[in-house]
Amino acid sequence: MRIGILTGGGDCPGLNAVISAVARRSWDHGHELLGFTYGWRGVIDDTTTPLTREVVSGISREGGTILRSSGDNPAHGGDRPERVMATIRKHDIDALIVIGGEGTMKGALTMWRDHGLPVVGVPKTIDNDLPGTELTVGFDSALAIATEALDRLATTAESHDRVMVCEVMGRTAGWLAMYAGIAGGADVILLPEMDMSVEEAAAVVMKRHGQGRDSSLIVVGEGYDLRSTTGLFDGVDVEQQLDAYGYPRLGGVSTHVAGAIEKITGFETRVTILGHTQRGGPPTARDRALASQFGFLAADLVHTGDFGKLAAHVGNKVTAVPLEDTEGDARVVPESQFEFVRSFMG
Ligand code: F6P
C-alpha cells in the first residue's frame, strides 16, 4: 500500500512520535509512506515530502512536526474535496492517516463520508477536548509545562507577597487549567465551564491572606468568561479576533482578572500568559508513549482496511472508535468534576 500522512491544526509535542510509530509499523507491514505538508493544505495543493528511514530516524523526541501544519481542511468547502481526491489519485494513495484535532477531523470525516477516501484519524491537541477520546497527544506535555510554570510562579510570588495570575490555553475546555491548577497547587482555579465570579476568587485570596498567607496563585483557562457579581467587568470588551479559519483567537482574559483581583483585595497582582510555550519543546515520556500506541494502532487499522476510525484512548485503553465519535461539541470538564476542583482551592 501507499499510505499518506499529515498533521493538521495547531501543533503540539508528540506529533513526530506519531509519525515515527506509523512509519515503523507500516514499513514492517511492507507499505510505503508519503508525507503531505502543512496538514490538509498539502493534500489540497499537492505538496509532499518523502518519508524515508533517514528522515524519520530519531524524531520521536522532537517537538513540532516535521510535516509542518496549517488549519485548512476540506470541510471548509469550495473545490477542496475534489482537489484532495485529485492529489490522492495522482500519488496512488491507498489510505490517509490524519493526525489532528477537531477541525482536522472534520476534514477527515467529510472526505471519508462524502467522498469515500479511506482515512484513519489520530487525536492530538493540548486542549484534550476532542470528542471520542479521553486523551489526546500533546495534552500531557502542555500540562507538564503549565505545572512547572506554576511551581516557578509560586516561589517568586512568595518572595514578593504577590498574587500571581497564570493563564493557560485550552479554548472552551478547562482540562489544562484544572489539572495544572491541582498539580501546581493553585489557590484559585478558574475554568471556562465553572460559574465562579472574580469576587469569589478574590474572597478565596482574602481568606488565605487572613490566615497568614502572603501570596496566592490563580490559574485561569483562556476561555474563562469574565464573571463579576458587582459589575467589575462592565464595558470590558475582551478582544476576539478571528483566525484565518474563523476560530476566535483567545488569550488575555487574565489581564482583566488580575486587575479586578488587585482592585478588590488591594494585593499586588501580576499576570503571566503561558501562550505557545505550552505547545513547544519536546514531548513528555507519557506523550511519546501515547503517540507511539496511537501510531501503531493507526498503521494496523490501515493495514487491515479498517477505515473511518480514530485511534482513541477510552476507559484507560487504546482502542479504535468510529470517526463519527469526534463530531459534536468540544469535550469539556463535566459538572461532576466541579466539587473535586473546588476542594483544592484556598
Ligand atoms: O487548540 C490548541 C490551541 O493551542 C488553543 O489552546 C489555543 O487557543 C489555540 O490553539 C491557539 O491557536 P494559534 O496557534 O492559531 O494562535
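Tutor: Start with cavities. The count comes to one cavity of 30 Å³ or more. The model is predicted: local features need pLDDT of at least 70, side-chain atom pairs count only at pLDDT 80 or more, and totals for chains, interfaces and linings use all residues. Residues are numbered from 1 along each chain as its sequence is written, and side-chain values use heavy atoms, with hydrogens and water left out.

Student: What makes a space a cavity and not a pocket?

Tutor: Escape of the probe. On a 1 Å grid over the protein atoms alone, a cavity is a set of points where a 1.4 Å probe fits but cannot get out; a pocket is an open set with protein on both sides within 12 Å along at least five of seven lines. Lining residues have an atom within 4 Å of a point. The largest cavity has a volume of about 30 Å³. Volume here is the space filled by probe spheres set on the points, with grid points joined across faces, edges and corners.

Student: Which residues line the largest cavity?

Tutor: Leu-135, Thr-136, Phe-139, Asp-140, Arg-286, Asp-287 and Leu-290. Helix 6 and helix 10 (285-303) are the elements that give two or more residues to this lining. Helix 10 has the largest share, three residues. Helices (H or I, at least four residues) and strands (E, at least two) are DSSP runs, numbered from the N terminus.

Student: How does the lining of the largest cavity divide by residue type?

Tutor: Three nonpolar, one polar and three charged. Ala, Val, Leu, Ile, Met, Phe, Trp, Tyr, Cys and Pro count as nonpolar; Asp, Glu, Lys and Arg as charged; the others, Gly among them, as polar.

Student: What volume does the largest pocket have, by contrast?

Tutor: About 1,200 Å³. Of the 45 residues that line the largest pocket, Asp-127, Arg-171, Asp-243, Tyr-247 and Pro-248 are the closest to its centre. Helix 5 (102-115) and strand 6 each supply at least two lining residues. Helix 5 gives the most, with three. The pocket lining divides into 13 nonpolar, 18 polar and 14 charged residues.

Student: Why is the pair Arg-162 and Glu-268 called a salt bridge?

Tutor: The rule asks for a side-chain nitrogen of Lys or Arg within 4 Å of a carboxyl oxygen of Asp or Glu. The closest N and O atoms of Arg-162 and Glu-268 are 3.1 Å apart, so the pair qualifies. Arg-162 sits in the loop between helix 6 (139-160) and strand 6 (163-168), and Glu-268 in the loop between helix 9 (253-265) and strand 9 (269-273), 106 residues apart.

Student: Why is Arg-162 called buried, and what is Glu-268 called?

Tutor: Buried means under 20% relative accessible area, exposed over 50%, partly exposed in between (1.4 Å probe, protein chains only). Arg-162 has 15%, so it is buried. Glu-268, at 33%, counts as partly exposed.

Student: What makes Asp-195 and Arg-227 a salt bridge?

Tutor: Their N to O distance of 3.0 Å. Asp-195 lies in the loop between strand 7 (188-190) and helix 8 (198-210), and Arg-227 in the loop between strand 8 (216-221) and helix 9, so the pair ties together parts 32 residues apart in sequence. Asp-195 is exposed at 58%, whereas Arg-227 is buried at 19%.

Student: How many salt bridges are found in the whole structure?

Tutor: The search finds 16. One of them joins Lys-309 and Asp-306, at 2.8 Å, N to O.

Student: How do you know how many disulfides there are?

Tutor: A disulfide is a pair of cysteine sulfur atoms within 2.5 Å, and the search finds zero. The sulfur of Cys-12 is 19 Å from the closest cysteine sulfur, in Cys-166, so it is too far for a bond. Cys-166 is likewise in no disulfide. Cys-12 is buried at 0% relative accessibility, and Cys-166 is buried at 0%.

Student: Which residues does Glu-199 touch?

Tutor: Not counting residues up to four places away in sequence, Glu-199 touches Arg-227, Ser-228, Thr-229, Thr-230, Leu-232 and Ile-264. Contact means heavy atoms within 4.5 Å. Glu-199 is in helix 8 and is buried, at 15%.
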